[in-house]
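Here's a quick briefing to read alongside the sequence and the model. Have both open as you go.

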Amino acid sequence: MTKLGRQIEIGPTDNTSNERTPRNRLHLIPEAARASFAPYAPQNYGINPAEADMTRIAPGRPRAEGDPIKVTGKLMDEYGRPLRNSLVEVWNANKYGRYTHIEDHSGLQLDPNFLGIGRTLSDNDGNYEFWTIRPGEYLARPDIGRWRPKHIHFSIRGGSSRMITQMYFKDDPHNDTDPMRILMGDNFDKNIGVEYETTGEDFDCGYRFDIVIGGRNPTFFENL
């Protein structure tokens with residue numbers, strides 16, 4: 001793996017990311033055969049619109065601690081065509097860098113008003129939107145001083161397809177040493193949310209994160 005013309009070692013502590021990353025260029029599926037691979041979820045009336053608001057554990061409950069942010073974007077193929085009715089599942093750590101998950105043994109502070117999980121469907125134009133709390137970074141490997149920068153996980157799912165990616169935040173001091181960032185190489189910039197103002201809305205700010213599936217310049221996805 002290279003960055004700016006020099007060799008970078010991922011390190012023996014990051015084998016799971018290393019092993020699931022392709023070694024060779026992926027084969028492009030012919031457009032005529034691609035319909036069955038495009039993420040698509042039929043209208044699911046079991047999804048409550050409140051599930052897109054991760055800043056509260058339920059409507060009417062107190063807002064979680066930290067900076068509330070809006071994340072918006074568009075799901076599309078490499079030709080800019082929208083991916084409609086795709087299921088977008090999201091999860092992130094709270095403002096302290098703690099996940100509300102039994103496997104998070106960091107000891108960092110939990111927020112009783114933050115679960116950190118949500119989902120929504122893209123509309124007919126491929127647009128999606130959800131609200132969350134800006135996540136904190138966390139020390140993922142205390143034994144080697146390995147930090148994970150602020151990030152939000154995305155799962156794009158439909159039919160027989162599921163793809164996983166992450167949105168990062170510009171100028172996080174831990175970006176350049178993050179294992180996933182190193183694996184992305186020059187594609188990393190495509191996985192940074194673009195900040196914008198949310199004038200007149202009760203958010204600290206908004207982030208635009210468009211997701212391109214397929215083609216030669218897609219959003220960087222992890223392999224499952």
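This is a predicted model: local features need pLDDT of at least 70, side-chain atom pairs count only at pLDDT 80 or more; totals for chains, interfaces and linings use all residues.

Residues are numbered from 1 along each chain as its sequence is written, and side-chain values use heavy atoms, with hydrogens and water left out.

**The chain overall**
- The protein chain has 2 helices and 13 strands, taken as DSSP runs (helices H or I, at least four residues; strands E, at least two) numbered from the N terminus.
- Of its 224 residues, 45% are buried, meaning under 20% relative accessible area with a 1.4 Å probe, protein chains only.

**Nonpolar cores**
- The largest nonpolar core holds 20 residues; such a core is a set of buried Ala, Val, Leu, Ile, Met, Phe, Trp, Tyr and Cys residues joined through side-chain atoms within 4.5 Å.
- Strands E3 (68–77), E4 (87–91), E6 (127–133), E9 (151–158), E12 (205–208) and E13 (211–213) each give this core at least two residues.
- Another core, of 6 residues, lies apart from it, with Tyr168 and Met180 among them.
- Ile152 touches residues including Val71, Trp91, Phe130 and Met167, leaving out those up to four places away in sequence; contact means heavy atoms within 4.5 Å.

**Threonine 55**
- Threonine 55 sits in the loop between helix H1 (15–19) and E3, and is buried at a relative accessible area of 0%.
- Beyond its neighbours within four places in sequence, threonine 55 contacts residues including Pro62, Asn113 and Trp131.

Definitions and conventions: Buried means under 20% relative accessible area, exposed over 50%, partly exposed in between (1.4 Å probe, protein chains only).
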